[in-house]
Amino acid sequence: MGNCSPSPRRRRPTEPGSPPLDGTVSAPTVTVNSISVSPYALARSPSVSAAAVDAEDGGVVRIYGSDGCPVVWRLRVSLLYKAAAPLHFTPSEAAPLGRPVLRLSAADPEVCGTADELLRQVDARFEGKPRVAPPERPRAASPAAAAAAEVAELVRLQHRSAERHLEGVAAKVAEMVKKGKKSGKGRSVVEAAEVRRLGKWYGDAMEVMLEHARMEETLIFPDIQRASFPGVCDKVNEQHGRHLPMMNGIKEDIKTLLTLELGSSLFHEVLVNLSVRLKALQDHTKEHFKEEESDMLPRLEGVRRMQREEGKVSDKSNSAWASEALATMEVTHSKLFPFFMTGLLPQEAVQYLDIICRCTKNTRHLVSMLRSLAERLEDANPSIIHNNPTKLYEHLLVKSP
């Protein structure tokens, strides 16, 4: 991801063993990857001793680095998914070579390195899932195979997020139906705020799913058809066409609920109908995703070979295809990025982060995505993050202003 902040200013060399030119006494250093880091020196006030800071929060994980550095934000998000220890970030532009510095506890040294090196340090210190460092990938048989595998992983993870958000919306509606039955003719226990939050949740899910479908229809399916045979993508395209009226019908049902008297017989009738529609959409979507993953994604390597033979891509552009797919889904990877990520289990989420960080060339945009996700995860209970991603989104939705 390149340098994240300006390199530290150069100082005139001194003779070995001699005091610094400014007359101060040097702190001991640790060397990591040939970079010397002065412990406690980064971003701390000279008036506060290191011992005092560490005595106060000895178990806190500390990160020092530029607020505009994507590696800093990736570390922060990864540690939030780990949920293994409290986390404190101190902005600093003094990190060696613009890289962040990580200290995993008061008993550990400060270390500096690449994103992958620091993530491996996190995994070594905090065992258990998720593993936040990228796995060692087997060498691909060809550049086409590497590019195809990356796009296939991207598509599969997007499918999992969509499935879980639909599952969460359907579960919420089922819960509301159950509440309505219990209330009978008395005052409804379903509140207007619940219906509004339901509309927001489903609306965001629908926007992500439609963007995903457009990405496939413009970037993947046409070339699969050219590389295979006419009609190979007809079925999946037809399924996209059938899903849209179903999705719009659900959206209209939610709008109708907002206009009806809470607890009325008509309100309950529309709510029950909504539950049936959602179950049908869930079933169709799961079947559709299954067919895409078994029939379409294995064809991607042949598509990439065809593109290379046609001179459309260079031998050095293994990640270019995935980058194009991410850029096509602009809303998903901007304002709806935290929403999308809450549909993934922690291990899936760090896999998607790895793709995002490798394939997003605009550093400012990457930082914006990671920052927005970190800010939402900081509001969540770690047990929710690990056990139930759809409950995580519902929890954050309730806390939203």
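Lys-200 is partly exposed, at 44% relative accessibility.

Why do Asp-204 and Lys-200 stand about one helical turn apart? Both belong to helix H5, which covers residues 192–227, and they are four residues apart there, so about one turn separates them.

## Salt bridges in and around helix H7

The whole structure contains 22 salt bridges. One of these salt bridges pairs Arg-277 with Asp-253, with 2.9 Å between the closest N and O atoms. This pair connects distant parts of the chain, since Arg-277 is in helix H7 (residues 265–296) while Asp-253 is in helix H6 (residues 234–259), 24 residues apart. Arg-277 is partly exposed at 33% relative accessible area, whereas Asp-253 is buried at 10%.

Helix H7 also holds a pair of its own. Lys-279 and Asp-283 form a salt bridge whose closest N and O atoms are 2.9 Å apart. They sit four residues apart in helix H7, or about one turn of the helix. Lys-279 is partly exposed at 45% relative accessibility, and Asp-283 is partly exposed at 41%.

## Aromatic rings

How many aromatic pairs does the structure have? The count comes to one. The pair is made by Phe-340 and Tyr-352, with ring centres 4.8 Å apart and planes at 55° to each other, a tilted arrangement. It links distant parts of the chain: Phe-340 lies in helix H10 (residues 337–341) and Tyr-352 in helix H11 (residues 346–359), twelve residues apart.

## The loop between H10 and H11

Leu-344 is in the loop between H10 and H11. Leu-344 is buried, having a relative accessible area of 2%. Which residue 183 places away along the chain has its C-alpha 5.3 Å from that of Leu-344? That residue is Ser-161.

Phe-89 is part of strand S4, residues 87–91. Its relative accessible area is 14%, so Phe-89 counts as buried, the cut-off being under 20%. Leaving aside residues up to four places away in sequence, Phe-89 touches Ile-63, Tyr-64, Gly-65, Ser-66, Asp-67, Val-72 and Arg-76.

Arg-76, one of those contacts of Phe-89, has its charged end over the ring of Trp-73, 4.0 Å from the ring centre. Trp-73 and Phe-89 are 16 residues apart in sequence, and their C-alpha atoms are 9.7 Å apart in space.

## Helix H8 and the cysteines

Helix H8 spans residues 300–309, and its buried residues include Leu-300, Val-303, Arg-304, Met-306, Gln-307 and Arg-308. After H8 comes Gly-311, which has a positive phi, near 80°.

If you were looking for disulfides, the structure holds zero. As a reminder, a disulfide is a covalent bond between the sulfur atoms of two cysteines. Cys-69 is buried at 0% relative accessible area, and Cys-233 is buried at 0% relative accessibility.

The protein chain has an average pLDDT of 82, and 77% of its residues score at least 70. Which stretch stays under 50 in pLDDT? It is residues 5–55, for which the model has 77 contacts beyond four places in sequence. A word of caution applies to such regions: where pLDDT is low, the predicted coordinates should not be read in detail.

Definitions and conventions
Residues are numbered from 1 along each chain as its sequence is written. This is a predicted model: local features need pLDDT of at least 70, side-chain atom pairs count only at pLDDT 80 or more; totals for chains, interfaces and linings use all residues. Side-chain values use heavy atoms; hydrogens and water are left out. pLDDT is the predictor's confidence in each residue, from 0 to 100. Contact means heavy atoms within 4.5 Å. A salt bridge is a side-chain nitrogen of Lys or Arg within 4 Å of a carboxyl oxygen of Asp or Glu. Helices (H or I, at least four residues) and strands (E, at least two) are DSSP runs, numbered from the N terminus. Buried means under 20% relative accessible area, exposed over 50%, partly exposed in between (1.4 Å probe, protein chains only). Rings of Phe, Tyr and Trp (its six-membered ring) pair if their centres lie within 6.5 Å; planes under 30 degrees apart count as stacked, over 60 as edge-to-face and the rest as tilted. A charge sits over a ring if NZ of Lys or CZ of Arg is within 6 Å of the ring centre and within 35 degrees of the ring normal. A disulfide is a pair of cysteine sulfur atoms within 2.5 Å.
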